[in-house]
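Hi everyone, thanks for coming. Let me put the model up, and then I'll walk you through a few of its features.

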Amino acid sequence: MQHYISQKGPGKEHNMDSSSPVTNCGPDKTLKRIVLFIAILAGFLTPFDGSAVNIALPTIGAEFSMDAISLSWIATAYLLASALFLVPFGRLADIYGRKKIFESGIAIFAISSLLMTLVPTTGSLIAIRVLQGLGGAMIYGTSMAILTGVFPPGERGRAIGLYVSFVYFGLSLGPFLGGILTSYLGWRSIFLVNVPIGLLAVILIRLKLKGEWTESKGEPFDIIGSVLYSLSLVAVMYGFSTLPHEGAMTLVIAGLILVTIFAWYESRASYPVLNARLFSGNRVFLFSNVAALINYSATFAVTFLLSLDLQYTKGFSPEHAGLILIAQPAVMALVSTLSGRLSDQIEPGKVASAGMAITTLGLFLLVFLTESTPLWYIIMSLLILGTGFGFFTSPNTNAIMSSVQKHDYGVASGTTSTMRLLGQMLSMGFTTMLFAIYIGPVEITQEYYPAFISCLQTGFTFFTILCGAGIFFSLIRGHMRENV
């Protein structure tokens with residue numbers, strides 16, 4: 001049985017399940033706190049895993065005798081799987097229930113983390129990372145939608161800021177705790193941390209969250225659009241990550257053609273998996289997502305590259321390298337709460353643009369890295385990067401989610417996370433391409449350190465230019481249109 005909950009103003013009626021946790025009087029404070037706590041657990045879980053794995057990459061590579069390119073696929077396989085399923089699961093969540101998809105995603109992530117402790121080969125390791133990516137997509141595509149649906153515009157920036165703070169807390173703790181676990185208990189112990197956190201989140205969802213969010217209940221799912229979307233991503237990202245090898249550009253071109261077909265099909269579909277009108281008729285949504293894509297493309301590979309640099313060329317242990325890398329996300333966690341509150345009072349686009357400018361400065365400083373660069377210089381650069389990223393993410397997310405109607409929260413949440421993952425994929429794809437050009441399919445040993453440093457310098461130069469261009473897109477987004 002379904003009913004409608006009226007909102008003030010035209011076009012503000014939303015088809016919701018009768019058991020929805022949101023009542024006509026709006027969500028109460030207890031529900032808000034419960035949803036925020038569960039979202040925080042999920043927000044901590046996935047970034048912690050990613051950042052902890054990055055610090056363990058040299059150890060994993062040594063156990064499986066992996067070359068530099070294969071090593072990058074430990075991160076890329078997870079990101080590709082997450083990007084593939086994000087938008088489809090965001091739409092499925094709107095149709096069948098955000099809580100249901102959210103809970104299933106956490107369960108899959110926890111189970112696959114347990115399986116990661118048992119992998120015997122490189123192939124099985126990559127396969128389980130793909131399964132983790134599936135669970136991550138289900139989490140990414142729903143957590144922000146649930147949070148946005150519970151908190152009204154006046155409180156949304158603060159809630160998102162707190163959520164993002166714990167995302168960065170996961171990023172902060174990942175390198176530090178990951179380094180300690182890798183040094184003393186082995187890299188497989190990293191994944192065991194995810195299991196009790198995931199179990200706690202599932203128990204809380206079952207016990208504390210009654211009802212469901214299904215604002216598009218009864219609408220059909222766009223299977224053709226989902227297939228086109230997934231195939232285009234696989235072709236583009238796999239082709240890009242295998243450049244400059246023969247056939248890679250053919251895959252990229254084929255993927256871009258599929259993207260064009262996907263956009264054409266979605267613009268004509270009655271119930272699209274991705275509402276193209278969100279981009280064509282919403283300037284804030286369009287350019288905020290473009291800014292997010294550029295920002296993540298320019299920054300994600302930083303931790304990956306510096307983790308390798310600190311352990312290979314600088315000779316630090318995983319534990320000490322993790323302690324150094326904690327500087328960036330620790331500052332992010334502190335700044336994002338402040339920036340989230342600012343975005344409730346000041347135009348979010350202005351705060352986000354300032355953050356992107358600071359990030360560009362941090363990337364520019366990393367262009368000058370050498371084998372003899374002092375540690376203080378690296379830490380200073382990380383602190384600047386963390387400040388910039390903290391001022392960008394919360395306001396930019398607030399702008400995106402506040403620029404759409406409630407009916408589109410699931411798709412908007414999935415789209416926002418897709419921009420993040422696509423940016424991370426592009427960042428890793430470009431880095432993998434540089435490894436192929438400068439180093440090749442070999443292990444990174446001392447004789448390849450000069451080539452590795454050249455790879456770093458080229459990468460950070462490109463990322464600086466890209467992030468600088470992103471400031472423009474962040475500034476031209478216009479004013480946020482709030483939807484209640």
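Let's start with a pair of helices (DSSP runs of H or I, at least four residues, numbered from the N terminus): helix 15 passes helix 16 in a left-handed crossing, meaning that the near helix is turned anticlockwise from the far one by less than a right angle. This is a predicted model, where local features need pLDDT of at least 70 and side-chain atom pairs count only at pLDDT 80 or more, while totals for chains, interfaces and linings use all residues. Residues are numbered from 1 along each chain as its sequence is written, and side-chain values use heavy atoms, leaving out hydrogens and water.

Now, salt bridges: a side-chain nitrogen of Lys or Arg within 4 Å of a carboxyl oxygen of Asp or Glu. How many does the structure hold? There are 5. One of them joins D49 and R129 at 2.9 Å, N to O. D49 sits in helix 1 (residues 29–64) and R129 in helix 4 (residues 122–150), so this pair ties together parts 80 residues apart in sequence. Both D49 and R129 are buried, that is, under 20% relative accessible area, with exposed being over 50% and partly exposed in between (1.4 Å probe, protein chains only).

Next, R188 and E63 meet at 2.7 Å, N to O. R188 is in the loop between helix 5 (153–185) and helix 6 (189–192), and E63 is in helix 1, 125 residues apart. R188 is partly exposed because its relative accessibility is 23%, and E63 is partly exposed at 42%.

Finally, I257, in helix 9 (residues 248–268), counts as partly exposed at 48% relative accessibility. Thanks, all!

How values were computed: Helices (H or I, at least four residues) and strands (E, at least two) are DSSP runs, numbered from the N terminus.
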